[in-house]
Amino acid sequence: MIDLYYFPSPNSWKISIFLEETGLAYRVLPVNILEGQQFEPGFLKVSPNNRVPAIVDHEVLDGTGQPVSIMESGAILIYLGEKTGQFYPTDPVRRSKVLEWLMWQMGGMGPMGGQANYFNAYCPEDIPLAKARFVNEVARLWRILDKQLEGNDWIANNEYSIADMACWGWVTLHELQGQDIDATVHLKQWFERVGNRPAVQRAYAIGADIAATPGRISAKARGLLYGLAAEGIEVRK
Ligand SMILES: N[C@@H](CCC(=O)N[C@@H](CS)C(=O)NCC(=O)O)C(=O)O
């Protein structure tokens with residue numbers, strides 16, 4: 001059994017998609033990051049970086065019988081891919097192609113997308129240069145992915161993998177990120193291809209009752225997520 005610490009957002013969807021695709025036994029433990037539950041001591045033991053997703057695997061294959069906790073969505077995908085032998089090739093060359101795009105997502109698409117979201121919708125000040133910087137950088141990254149998908153159904157090795165799972169959720173926020181998805185035809189087709197998978201639809205629907213409307217979160221949530229003490233929110237250390 002795997003415990004999935006989860007809030008409906010692009011990083012958590014990566015893991016719910018993997019779990020739904022493989023049929024591994026898991027239960028969802030919601031962490032409402034809009035309410036500050038990511039700072040609760042029990043969660044911090046599992047995810048010291050106070051971010052979702054995180055997992056606890058109670059059936060570790062190392063013979064110790066001890067559960068293991070893992071934070072960071074990329075690390076979780078690699079762990080689960082290695083554990084199950086699914087969506088993550090064993091051949092070193094094919095595996096490195098999956099890792100290439102997983103790292104690209106973790107180091108580029110995700111963080112730049114997060115900053116674009118912030119300056120477009122959550123920053124208390126309108127800072128046009130910051131908006132332009134991140135919206136343009138996301139657009140550049142999406143053009144790279146669009147090119148990769150030209151003639152390919154899937155991102156790495158033309159085979160559905162954890163690289164596709166890592167990227168997909170970020171594209172759901174195309175409007176918030178100021179992106180015109182129609183401008184990247186191959187990426188748009190891939191986005192629909194992934195989104196049409198029943199497992200992805202099930203994974204995306206989890207926790208819809210606590211989901212935020214993109215671009216519209218409360219001042220309290222902004223304070224918690226972005227450390228905006230200036231808004232009168234006490235930031236927990
Ligand atoms: N690099 C981390 C990023 C995780 C992350 O930023 N998660 C967001 C939700 S998508 C979160 O938990 N935010 C809570 C907070 O900022 O306090 C990963 O990929 O797991």
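The model is predicted.

The contact between them takes 19 residues from domain 1 and 18 residues from domain 2.

Which helices supply the domain 1 side? At least two residues each come from α1, α3 and α9 (219-226). Helix α1 gives the most, with 7 residues. By class, the side of domain 1 that touches domain 2 has 10 nonpolar, 4 polar and 5 charged residues.

**Helix pairs**

Two packed helices are described by the angle between their axes and the distance between the axes. The table sets out two pairs.

| Pair | Residues | Axes come within | Crossing angle |
|---|---|---|---|
| α3 and α6 | 73-84 and 162-171 | 10 Å | roughly 150° |
| α4 and α5 | 92-122 and 128-148 | 8 Å | roughly 145° |

Take α3 and α6 first. Their axes cross at roughly 150°. Angles over 145 degrees count as roughly antiparallel. Helices α3 and α6 are therefore roughly antiparallel to each other. The crossing of α3 past α6 is right-handed. On α3, the contact is made by S73, G74, L77 and G81. On α6, I162, M165 and A166 take part. By class, this contact of α3 with α6 has 4 nonpolar and 3 polar residues, and no charged ones.

Now α4 and α5. Their crossing is left-handed. Helix α4 brings G108, M109, M112, G113, Q115, A116, F119 and N120 to the contact. Helix α5 brings A130, K131, F134, V135, E137, V138 and L141. What is the class make-up of the contact of α4 with α5? It has 9 nonpolar, 4 polar and 2 charged residues.

**Ligand shell**

How many residues are around the ligand? There are 14. S9, N11, I33, R51 and S73 come nearest. The elements that give two or more residues to this shell are α1 (10-22) and α3. The shell divides into 6 nonpolar, 6 polar and 2 charged residues.

**Where the parts meet**

Helix α1 gives two or more residues to the ligand shell and 7 residues to the side of domain 1 that touches domain 2. Helix α3 also gives two or more residues to the ligand shell, and supplies at least two residues of that domain 1 side. Residue S73 of α3 is in the contact with α6, and S73 is among the residues that come nearest the ligand.

Definitions and conventions:
Residues numbered from 1 in each chain as written. Predicted model: local features only at pLDDT ≥ 70, side-chain atom pairs only at ≥ 80, totals over all residues. Axes fitted to C-alpha atoms, helices over the stretch in contact; angles between N-to-C directions. Helix = DSSP H or I, 4+ residues; strand = E, 2+ residues; numbered from the N terminus. Parallel < 35°, antiparallel > 145°, perpendicular 65-115°, else oblique. Left-handed = near helix turned anticlockwise from the far one by under 90°. Contact = placed C-beta atoms within 7 Å. Nonpolar A, V, L, I, M, F, W, Y, C, P; charged D, E, K, R; others polar. Near = placed C-beta within 6 Å.
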